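Work through the exercises below with the sequence and the structure side by side. Try each task before reading its solution.

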Amino acid sequence: MNLSKDLMAASSTPLVLSVIAEGETYGYEIVKRVAELSNGQLEWTDGMLYPLLHRLEQQQLLSSRWRVAEETKRKRKYYRITEQGQKALQQQQQQWQVITQALRQVWGDRNDYQFV
Amino acid sequence: MTTSSFDMDARIAEWRAFLAKHAAFDSDDHDELESHLRDHIDALTQSGLQQDEAFLIATKRLGRLHDVSREYAEVHSQRLWRHLVFSDASGSSGTGWLGYRELLMVMLLALAAALMVKLPELGGWSLTDDSDGWFYARNLTLFAFPFIGIYWVWKRELGGYGVTLVLGTVLVVSLLLNLYPLVPESDTGVLAVLHLPLVLWFIVGVLYTGDYWRSLSRRMDFIRFSGEFAIYYVLIALGGAALTGLTLGLYAFIGYDVEWLAQAWMIPCGAAGAVVVAAFLVEAKQSAIENIAPVLARIFTPLVAFILMVYLLTMLFGAQTFAVQREALILLDLMLVLVLGLVLYSVSSRDTVMPVGVFDYLQLALIIVALIVDLVALVAISDRILSMGLSPNRVAALGENLILFVSLSGYAWFYYQFVTHKRGFYALERWQTGYVPVYALWAAVVVLIFPPLFNFS
């Protein structure tokens with residue numbers, strides 16, 4: 001599914017933060033996880049993920065380190081969420097809940113079977 | 001999974017080289033993106049794809065590099081303005097220890113150059129004393145030269161031979177200049193002082209090339225280096241002047257006059273130390289930012305060509321008398337040196353494989369006008385020599401104009417051959433770098449041979 005550019009920009013930060021909040025991980029895994037979570041409906045341009053990660057790191061919502069991966073013996077950059085990142089994620093969760101609730105109500109009146 | 005004809009590592013290396021062309025990615029990003037690419041390729045091949053197919057899909061999924069790099073640039077905007085002093089100090093050889101070691105070396109050498117200026121005071125000469133002005137004028141360039149020389153010996157790892165060259169030059173030049181009975185403000189004395197920097201700068205060039213002036217490309221690098229050095233030095237001098245002025249003003253407000261401090265320490269020591277610092281900066285940022293000297297050359301080439309042409313026409317048709325006075329002659333020669341500088345930098349910055357363009361014709365026009373101006377100057381000097389006899393100044397001017405004439409003729413000839421597609425640009429570069437020692441040689445003659453030749457008059 002092709003999301004509009006604005007929605008993509010707005011949703012990618014909470015998505016990425018949430019995935020990383022599940023545990024330390026790296027870029028390729030994040031892309032895979034997002035695809036999995038959306039049943040393959042959300043397909044990002046992989047390269048665009050990294051500038052976003054770097055921005056979140058600059059904002060100190062994430063921290064990163066280089067580590068050699070055990071299975072491939074290649075070095076990878078791993079990201080983990082910081083305390084500040086946790087707080088930001090909570091805020092985002094609240095905001096998105098407000099929006100999804102509102103949408104659910106206004107759409108749910110007419111055809112609630114589409115929402116689970 | 002081992003397909004025969006597809007070399008994955010080679011393809012990835014190519015792809016990385018392609019990344020490296022975008023300034024927005026740094027080497028960490030290269031590693032991170034490569035790691036992503038390899039993970040994706042592994043996953044794809046495990047699900048049954050051939051390696052080449054996997055490579056294609058994985059690179060495609062990363063997105064168009066142009067767009068991705070624009071995203072990177074937005075996040076890392078400072079990367080496009082490289083922080084050269086601290087992060088790029090060691091160039092390609094890695095950061096960290098080596099970078100700091102170089103910085104330390106540069107600071108030590110700059111400090112040594114600064115203190116060297118004060119050394120003669122132990123022997124009773126004083127910077128602020130007017131009567132010692134002539135002593136300082138003769139030796140000024142020698143204070144900074146050994147240290148910028150040693151910097152290149154160290155940087156290019158030239159070893160004992162390089163050190164010998166630096167110390168030998170210092171020894172010979174300082175002995176001769178101070179043993180020659182040069183009277184203050186005598187013609188030969190002033191000429192020697194004016195030409196000495198050129199000789200020493202050429203020695204710096206020999207050291208800079210790292211192979212004792214052997215390869216053409218290194219010589220061209222030295223010419224580029226010289227232009228950037230001049231610009232950096234002027235910038236540092238401007239900064240230094242502003243700082244000195246502020247210091248003077250701040251102290252004046254609380255009732256102290258620190259002009260002595262500025263004159264005896266800040267200005268002379270700063271000027272000597274800045275020589276080493278400017279050399280280091282040019283070397284460090286070499287690959288980081290577009291060079292400035294060629295840009296200036298591009299701006300001023302058409303302007304200078306136009307002004308010279310108009311001036312020539314005014315002189316030929318409008319001037320009251322054709323007699324070129326001494327002062328006019330000096331100005332004309334300065335203009336010709338400026339033209340030579342413009343030509344040097346335009347040539348050194350030109351991409352040799354680019355086809356002939358408008359700028360090349362402009363350049364040729366500038367050279368031809370300069371040649372005519374040089375002819376006028378030559379006629380005027382010969383006229384003065386014939387009517388007033390030989391003097392150090394006239395002979396020096398004659399020699400310089402002859403050298404310029406030959407140089408410009410060479411440029412004109414090779415440029416002509418280049419724009420008419422008879423010869424490549426390489427011939428022009430060879431002419432340019434081959435001729436540089438001639439300037440230095442002539443300067444050496446003026447410094448070392450003129451004084452005894454003209455009885456130190």
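**Exercise 1.** Which residues are buried in helix H4 (residues 65–75) of chain B, and how are they arranged about the helix axis?

*Solution.* Keep in mind throughout that this is a predicted model. Begin by counting neighbours, since a residue is called buried if 20 or more other C-beta atoms lie within 10 Å of its own; in H4(B), Val68(B), Ser69(B), Glu71(B) and Tyr72(B) are buried. Next, look down the axis of H4(B): the buried residues fall within an arc of 155°, so they line one face of the helix. Then turn to the face directed away from that buried side, where the exposed residues His66(B), Asp67(B) and Glu74(B) are found. Finally, ask what covers the buried residues: the cover includes helix H3 (46–58) of chain A, along with helix H2 (27–46) and helix H3 (51–62) of chain B.

**Exercise 2.** Describe the side of chain B that touches chain A.

*Solution.* Start with the totals, which are 18 residues of chain B in contact with 15 residues of chain A. Then assign the chain B side to elements: H2, H3 and H4 of chain B each give two or more residues, and H2(B) gives the most, with 9 residues.

**Exercise 3.** Where in chain B is confidence lowest, and where is it highest?

*Solution.* Take the average first: chain B has a mean pLDDT of 84, and 90% of its residues score at least 70. Confidence is lowest in helix H5 (residues 84–87) of chain B, at a mean of 46, and highest in helix H15 (residues 392–419) of chain B, at 91. For the complex, the predictor gives an ipTM of 0.85 and a pTM of 0.69.

Conventions:
Residues are numbered from 1 along each chain as its sequence is written. Chains are lettered from A and ligands numbered from 1 in the order in which they are written. This is a predicted model: local features need pLDDT of at least 70, side-chain atom pairs count only at pLDDT 80 or more; totals for chains, interfaces and linings use all residues. pLDDT is the predictor's confidence in each residue, from 0 to 100. Helices (H or I, at least four residues) and strands (E, at least two) are DSSP runs, numbered from the N terminus. A residue is buried if 20 or more other C-beta atoms lie within 10 Å of its own, exposed if 12 or fewer, and partly exposed in between; C-beta atoms are placed from the backbone. The arc is that of the directions from the helix axis to the C-beta atoms. Two residues are in contact if their C-beta atoms, placed from the backbone, lie within 7 Å.
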